[in-house]
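Work through the exercises below with the sequence and the 3D view open. Each task is followed by a solution in steps.

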Amino acid sequence: PAADTETDSLHARTARLGGIPVAGASGEGFYIPVRSPEMAGHLSVDAVLDRMRPVLESPELEILGHNLKFDLVVLRNHGVVPRGRLQDTMVADYLLEPTRSSHGMDALAESLLGIRCVPITDLIGARGRGRSGTPQKRFDEVPLSLAGPYAAEDADVTLRLAEVLLPRVGREAADPRLAGLFADVE
(Lines give C-alpha, C1' and ligand atoms only; values in the text may rest on other atoms or scores of the structure.)
Protein backbone atom coordinates (compact mmCIF):
# COMPACT_ATOMS: atom_id res chain seq x y z
CA PRO A 1 0.00 0.00 0.00
CA ALA A 2 0.91 3.65 -0.27
CA ALA A 3 1.07 5.48 3.04
CA ASP A 4 1.71 9.05 4.09
CA THR A 5 1.60 11.13 7.23
CA GLU A 6 -0.22 14.39 7.77
CA THR A 7 1.37 16.47 10.51
CA ASP A 8 1.16 19.80 12.27
CA SER A 9 4.67 20.83 11.14
CA LEU A 10 7.21 20.50 8.35
CA HIS A 11 9.85 19.61 10.93
CA ALA A 12 9.72 15.81 11.04
CA ARG A 13 11.54 15.44 14.35
CA THR A 14 9.02 17.57 16.26
CA ALA A 15 5.87 17.11 14.16
CA ARG A 16 2.77 15.69 15.78
CA LEU A 17 0.81 13.21 13.73
CA GLY A 18 -2.49 14.52 12.38
CA GLY A 19 -3.44 11.38 10.49
CA ILE A 20 -2.39 8.64 8.12
CA PRO A 21 -3.53 8.57 4.49
CA VAL A 22 -3.46 5.10 2.89
CA ALA A 23 -4.21 3.69 -0.57
CA GLY A 24 -4.30 0.00 -1.45
CA ALA A 25 -5.47 0.41 -5.04
CA SER A 26 -5.64 3.23 -7.57
CA GLY A 27 -8.59 5.49 -6.88
CA GLU A 28 -9.12 4.09 -3.37
CA GLY A 29 -7.28 6.41 -1.01
CA PHE A 30 -8.63 7.08 2.45
CA TYR A 31 -7.63 9.06 5.52
CA ILE A 32 -7.36 7.91 9.13
CA PRO A 33 -7.39 11.13 11.20
CA VAL A 34 -5.98 11.22 14.73
CA ARG A 35 -6.05 14.98 15.39
CA SER A 36 -8.61 17.40 14.00
CA PRO A 37 -11.08 20.05 15.07
CA GLU A 38 -13.66 17.22 15.29
CA MET A 39 -11.92 14.89 17.76
CA ALA A 40 -15.19 13.18 18.70
CA GLY A 41 -15.42 11.88 15.12
CA HIS A 42 -12.35 9.66 15.15
CA LEU A 43 -9.94 7.57 17.22
CA SER A 44 -6.98 8.88 19.19
CA VAL A 45 -3.36 8.74 18.05
CA ASP A 46 -2.62 5.84 20.42
CA ALA A 47 -5.67 3.83 19.35
CA VAL A 48 -4.87 4.19 15.64
CA LEU A 49 -1.16 3.46 16.02
CA ASP A 50 -1.86 0.43 18.23
CA ARG A 51 -4.05 -1.00 15.46
CA MET A 52 -1.75 -0.01 12.57
CA ARG A 53 1.59 -0.90 14.17
CA PRO A 54 1.44 -4.64 13.27
CA VAL A 55 0.71 -3.75 9.64
CA LEU A 56 3.23 -0.91 9.32
CA GLU A 57 5.94 -2.92 11.10
CA SER A 58 5.37 -6.12 9.12
CA PRO A 59 8.60 -7.22 7.38
CA GLU A 60 6.48 -8.79 4.60
CA LEU A 61 4.76 -5.53 3.65
CA GLU A 62 5.96 -3.17 0.94
CA ILE A 63 5.26 0.47 1.81
CA LEU A 64 5.15 3.07 -0.94
CA GLY A 65 5.63 6.71 -0.09
CA HIS A 66 6.64 10.05 -1.52
CA ASN A 67 9.40 11.76 0.46
CA LEU A 68 9.27 8.70 2.67
CA LYS A 69 12.15 9.84 4.86
CA PHE A 70 9.89 12.49 6.42
CA ASP A 71 7.14 9.95 7.11
CA LEU A 72 9.59 7.44 8.60
CA VAL A 73 10.95 10.02 11.03
CA VAL A 74 7.42 11.03 12.07
CA LEU A 75 6.34 7.41 12.55
CA ARG A 76 9.48 6.52 14.50
CA ASN A 77 8.92 9.51 16.77
CA HIS A 78 5.48 8.05 17.45
CA GLY A 79 6.88 4.60 18.25
CA VAL A 80 6.27 2.90 14.89
CA VAL A 81 9.25 1.47 13.00
CA PRO A 82 8.33 0.15 9.52
CA ARG A 83 10.38 -2.97 8.76
CA GLY A 84 9.10 -3.95 5.34
CA ARG A 85 10.40 -3.05 1.92
CA LEU A 86 10.26 0.72 1.43
CA GLN A 87 9.82 2.37 -1.99
CA ASP A 88 9.99 6.15 -2.40
CA THR A 89 8.52 7.70 -5.55
CA MET A 90 10.47 10.92 -4.98
CA VAL A 91 13.77 9.01 -4.96
CA ALA A 92 12.67 6.92 -7.95
CA ASP A 93 11.92 10.05 -9.97
CA TYR A 94 15.23 11.61 -8.95
CA LEU A 95 17.09 8.50 -10.15
CA LEU A 96 15.23 8.58 -13.47
CA GLU A 97 15.10 12.34 -14.07
CA PRO A 98 17.81 14.02 -11.97
CA THR A 99 17.51 17.30 -13.88
CA ARG A 100 13.75 17.65 -13.38
CA SER A 101 13.08 21.02 -11.73
CA SER A 102 10.79 19.54 -9.06
CA HIS A 103 10.37 16.03 -7.69
CA GLY A 104 7.46 17.17 -5.50
CA MET A 105 4.33 15.06 -5.61
CA ASP A 106 2.08 17.77 -7.06
CA ALA A 107 4.52 18.50 -9.90
CA LEU A 108 4.96 14.80 -10.70
CA ALA A 109 1.22 14.14 -10.56
CA GLU A 110 0.62 16.84 -13.12
CA SER A 111 3.57 15.87 -15.33
CA LEU A 112 3.28 12.08 -15.24
CA LEU A 113 -0.39 11.44 -14.48
CA GLY A 114 -2.16 14.54 -15.77
CA ILE A 115 -3.66 15.08 -12.31
CA ARG A 116 -3.80 18.50 -10.71
CA CYS A 117 -3.70 17.93 -6.97
CA VAL A 118 -5.38 20.20 -4.45
CA PRO A 119 -2.60 22.53 -3.19
CA ILE A 120 -2.01 22.37 0.57
CA THR A 121 -2.31 26.17 0.66
CA ASP A 122 -5.99 25.78 -0.27
CA LEU A 123 -6.44 24.13 3.14
CA ILE A 124 -3.97 25.84 5.44
CA GLY A 125 -3.31 29.15 3.71
CA ALA A 126 -0.05 30.68 2.61
CA ARG A 127 3.02 30.79 4.80
CA GLY A 128 3.07 33.70 7.16
CA ARG A 129 0.12 36.03 7.08
CA GLY A 130 -1.88 36.67 3.95
CA ARG A 131 -3.60 39.90 2.94
CA SER A 132 -6.36 39.14 5.37
CA GLY A 133 -3.84 38.95 8.23
CA THR A 134 -4.86 35.35 8.90
CA PRO A 135 -1.98 33.13 10.05
CA GLN A 136 -1.36 29.81 8.34
CA LYS A 137 -3.31 26.92 9.92
CA ARG A 138 -1.86 23.61 11.03
CA PHE A 139 -3.19 20.58 9.17
CA ASP A 140 -4.89 19.32 12.34
CA GLU A 141 -6.95 22.55 12.40
CA VAL A 142 -8.49 21.86 8.97
CA PRO A 143 -12.05 20.46 9.05
CA LEU A 144 -12.20 16.76 8.20
CA SER A 145 -14.51 17.52 5.26
CA LEU A 146 -11.48 19.17 3.58
CA ALA A 147 -8.57 17.31 5.21
CA GLY A 148 -9.91 13.83 4.40
CA PRO A 149 -10.17 14.18 0.61
CA TYR A 150 -6.85 16.06 0.43
CA ALA A 151 -5.01 13.39 2.44
CA ALA A 152 -6.65 10.49 0.58
CA GLU A 153 -5.56 12.10 -2.69
CA ASP A 154 -1.95 12.19 -1.43
CA ALA A 155 -1.92 8.44 -0.82
CA ASP A 156 -3.73 7.66 -4.07
CA VAL A 157 -1.43 9.83 -6.17
CA THR A 158 1.63 8.27 -4.51
CA LEU A 159 0.37 4.80 -5.44
CA ARG A 160 -0.30 5.91 -9.02
CA LEU A 161 3.18 7.46 -9.26
CA ALA A 162 4.68 4.21 -8.00
CA GLU A 163 2.82 2.31 -10.74
CA VAL A 164 4.50 4.55 -13.34
CA LEU A 165 7.95 5.09 -11.83
CA LEU A 166 8.95 1.83 -10.15
CA PRO A 167 8.65 -0.40 -13.25
CA ARG A 168 10.74 2.14 -15.14
CA VAL A 169 13.41 2.07 -12.44
CA GLY A 170 13.41 -1.74 -12.73
CA ARG A 171 13.77 -1.64 -16.52
CA GLU A 172 16.57 0.92 -16.40
CA ALA A 173 18.34 -0.97 -13.61
CA ALA A 174 18.40 -4.03 -15.89
CA ASP A 175 20.01 -2.07 -18.75
CA PRO A 176 23.63 -3.30 -18.96
CA ARG A 177 24.77 0.17 -20.03
CA LEU A 178 23.71 1.45 -16.59
CA ALA A 179 25.33 -1.34 -14.57
CA GLY A 180 26.10 -0.15 -11.07
CA LEU A 181 24.00 3.01 -11.26
CA PHE A 182 20.98 1.33 -9.73
CA ALA A 183 22.77 -0.96 -7.28
CA ASP A 184 20.33 -2.67 -4.90
CA VAL A 185 17.28 -1.29 -6.76
CA GLU A 186 14.74 -3.81 -8.04
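**Exercise 1. Helix H3**

Task: Find which residues of helix H3 (residues 89-96) are buried, and state how they are placed around the axis.

Solution. Step 1: Take buried to mean under 20% relative accessible area, exposed over 50%, and partly exposed in between, with a 1.4 Å probe and protein chains only. Step 2: Under this cut-off Thr-89, Ala-92, Asp-93 and Leu-96 of H3 are buried. Step 3: These residues cover an arc of only 95° around the axis, which puts them on the same side of H3. The arc is taken from the directions that lead from the helix axis to the C-beta atoms. Step 4: At the start of H3, the backbone nitrogen of Met-90 has a side-chain oxygen of Asp-88 within 2.8 Å.

The model is a predicted one: local features need pLDDT of at least 70, side-chain atom pairs count only at pLDDT 80 or more, and totals for chains, interfaces and linings use all residues. Residues are numbered from 1 along each chain as its sequence is written, and side-chain values use heavy atoms, with hydrogens and water left out.

**Exercise 2. The chain as a whole**

Task: Give the number and order of helices and strands in the protein chain, and the share of buried residues.

Solution. Step 1: Helices (H or I, at least four residues) and strands (E, at least two) are DSSP runs, numbered from the N terminus. Step 2: The protein chain has six helices and six strands. Step 3: Read from the N terminus on, the order is β-β-β-β-α-β-α-β-α-α-α-α. Step 4: Of the 186 residues in the protein chain, 43% are buried.

**Exercise 3. The partners of strand S3**

Task: Which strands pair with S3, and in which sense?

Solution. Step 1: Two strands count as paired if DSSP finds at least two bridges between them. Step 2: Strand S4 (residues 29-33) runs antiparallel to strand S3 (residues 17-23), and five bridges join them. Among the bridge pairs are Ala-23 with Gly-29 and Val-22 with Phe-30. Step 3: The S3-S4 hairpin has five residues between the strands, and Gly-27 takes a positive phi near 85° there. Step 4: Strand S1 (residues 2-3) is also antiparallel to S3, over two bridges, with Ala-2 opposite Ala-23. Step 5: S2 joins S3 through two bridges, again antiparallel; Thr-7 has Leu-17 of S3 as its bridge partner. Step 6: S3 is mostly covered, with seven of its seven residues buried.

**Exercise 4. Helix H4**

Task: Name the buried residues of H4 and describe what comes after the helix.

Solution. Step 2: Seen down the axis, the buried residues of H4 fall within an arc of 105°, so they line one face of the helix. Step 3: Gly-114 follows H4 and has a positive phi, near 70°.

**Exercise 5. Two single residues**

Task: Are Gln-87 and Thr-158 buried or exposed?

Solution. Step 1: Gln-87 is found in strand S6 (residues 85-88) and, at 13% relative accessibility, counts as buried. Step 2: The side chains of Gln-87 and Glu-62 make a polar contact (3.4 Å). Such a contact is a pair of N or O atoms within 3.5 Å; within protein, one must be able to donate a hydrogen and the other to accept it, and residues adjacent in sequence count only if both atoms are side-chain atoms. Step 3: Thr-158 lies in helix H6 and counts as buried at 2% relative accessibility. Step 4: Thr-158 and Ser-26 are 132 residues apart along the chain, while their C-alpha atoms are separated by 9.4 Å.

**Exercise 6. The largest cavity**

Task: What is the volume of the largest cavity, and which residues line it?

Solution. Step 1: On a 1 Å grid over the protein atoms alone, a cavity is a set of points where a 1.4 Å probe fits but cannot get out, and lining residues have an atom within 4 Å of a point. A volume is the space filled by probe spheres set on the points, which are joined across faces, edges and corners. Step 2: The count gives one cavity of 30 Å³ or more, and the largest cavity holds about 80 Å³. Step 3: Its lining includes Ala-3, Ile-20, Leu-56 and Pro-82. Step 4: H2 gives the largest share of this lining, four residues.

How values were computed: 1 Å grid on protein atoms, 1.4 Å probe; cavity = no way out; pocket = protein on both sides within 12 Å on 5 of 7 lines; lining within 4 Å.
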